[in-house]
Amino acid sequence: MEEIRRAAGAYYQHLPENNKELAKKTFAAMDKNGDGKINRDEYVEYLKKDNNTVLTLPSLFTALDKDGNGSLDFNEAIVLYYIMQSGRAIICQSCKTFLAGAYFSCSECFFNDSVSSYEICCECYGGKKFTHHDGAIFCDNYTLLCRSRSATQAAPIQKRTKVLNILKKGLQVAGITSSDLEGISTDIGDGIGDGEGSSKSNCSIM
Ligand SMILES: [Ca+2]
Ligand SMILES: [Ca+2]
Ligand SMILES: [Zn+2]
Ligand SMILES: [Zn+2]
């Protein structure tokens with residue numbers, strides 16, 4: 001959890017002022033009784049309203065409550081805000097704990113746009129405590145991120161949009177917000193159309 005806490009702190013510091021305001025407003029909206037901290041009931045009520053069932057897992061609240069006093073102050077709640085904004089609310093599909101650090105994902109499901117990805121914690125993977133389809137090859141989340149990058153670079157320019165979508169999914173899995181990707185999308189968008197030469201040379205032995 002410490003790693004994700006540090007990422008959340010950096011994320012918040014890097015936010016433009018108006019987004020910081022938005023984070024403070026979100027905190028105020030959760031703090032129903034206005035005592036400056038979020039207790040378990042306020043937490044569950046707010047996230048249920050948001051249909052965010054993954055985040056209402058009791059284990060996540062406990063993990064967020066760093067000093068263990070039963071409520072979240074603003075700095076503790078920033079981590080939740082970061083998890084919500086970055087789409088990093090990933091749980092082990094086997095034991096349902098929140099995946100705060102490194103974990104494993106089925107690479108076949110990950111790169112297949114028509115099925116949802118399948119993530120499990122290191123304990124479930126190591127102890128083979130999970131059931132998934134036959135022949136599944138699991139990679140840790142950092143390896144998947146690197147593979148997503150190679151997949152983007154290897155794809156013909158016309159296919160890059162599809163690969164980019166997979167890459168976006170990969171970055172979300174790795175905990176990077178998709179707003180960081182806006183620059184990349186633009187670059188690739190500009191490149192579409194000048195790729196005729198390169199795609200021809202791909203498959204011709206002439
Ligand atoms: Ca409160
Ligand atoms: Ca606390
Ligand atoms: Zn697990
Ligand atoms: Zn799979």
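The following questions and answers concern a predicted model. Local features need pLDDT of at least 70, side-chain atom pairs count only at pLDDT 80 or more, and totals for chains, interfaces and linings use all residues. Residues are numbered from 1 along each chain as its sequence is written, chains are lettered from A and ligands numbered from 1 in the order in which they are written, and side-chain values use heavy atoms, with hydrogens and water left out.

Me: Which arrangement do the four donor atoms form around the zinc ion (ligand 4)?
Reply: Donors are N, O and S atoms within 2.8 Å of the metal (3.2 Å for Na, K and Ca); water is not among the atoms, so sites may look incomplete. Here they are Cys106 (SG), Cys109 (SG), His132 (NE2) and His133 (NE2), at 2.1 to 2.2 Å. Four donors count as tetrahedral if all angles lie between 85 and 135 degrees. The angles around the zinc ion (ligand 4) are 102 to 118°, so the arrangement is tetrahedral.

Me: How many residues apart in sequence are the parts that Cys109 and His132 tie together?
Reply: Along the chain, the donors of the zinc ion (ligand 4) have the spacing C-x2-C-x22-H-H. Helices (H or I, at least four residues) and strands (E, at least two) are DSSP runs, numbered from the N terminus. Cys109 belongs to helix α6 (residues 107-110) and His132 to the loop between α7 (122-126) and β5 (138-140), so the parts tied together are apart in sequence by 23 residues.

Me: Is Cys109 buried or exposed?
Reply: Buried means under 20% relative accessible area, exposed over 50%, and partly exposed in between (1.4 Å probe, protein chains only). His132, at 24%, counts as partly exposed. Cys109 has a relative accessibility of 9%, so Cys109 is buried.

Me: How many disulfides does a search of the whole structure find?
Reply: A disulfide is defined as a pair of cysteine sulfur atoms within 2.5 Å. Cys106 is buried at 0% relative accessibility, whereas Cys146 is exposed at 52%. The number of disulfides found in the whole structure is zero.

Me: What is the geometry of the aromatic pair of Tyr12 and Phe74?
Reply: Rings of Phe, Tyr and Trp (its six-membered ring) pair if their centres lie within 6.5 Å; planes under 30 degrees apart count as stacked, over 60 as edge-to-face and the rest as tilted. The count comes to ten aromatic pairs. Tyr12 in helix α1 (residues 2-14) and Phe74 in helix α5 (residues 74-86) are 62 residues apart. With 5.7 Å centre to centre and 75° between the planes, their pair is edge-to-face.

Methods: Four donors count as tetrahedral if all angles lie between 85 and 135 degrees; four count as square planar and six as octahedral if opposite donors are over 155 degrees apart and all others between 65 and 115; anything else is irregular.
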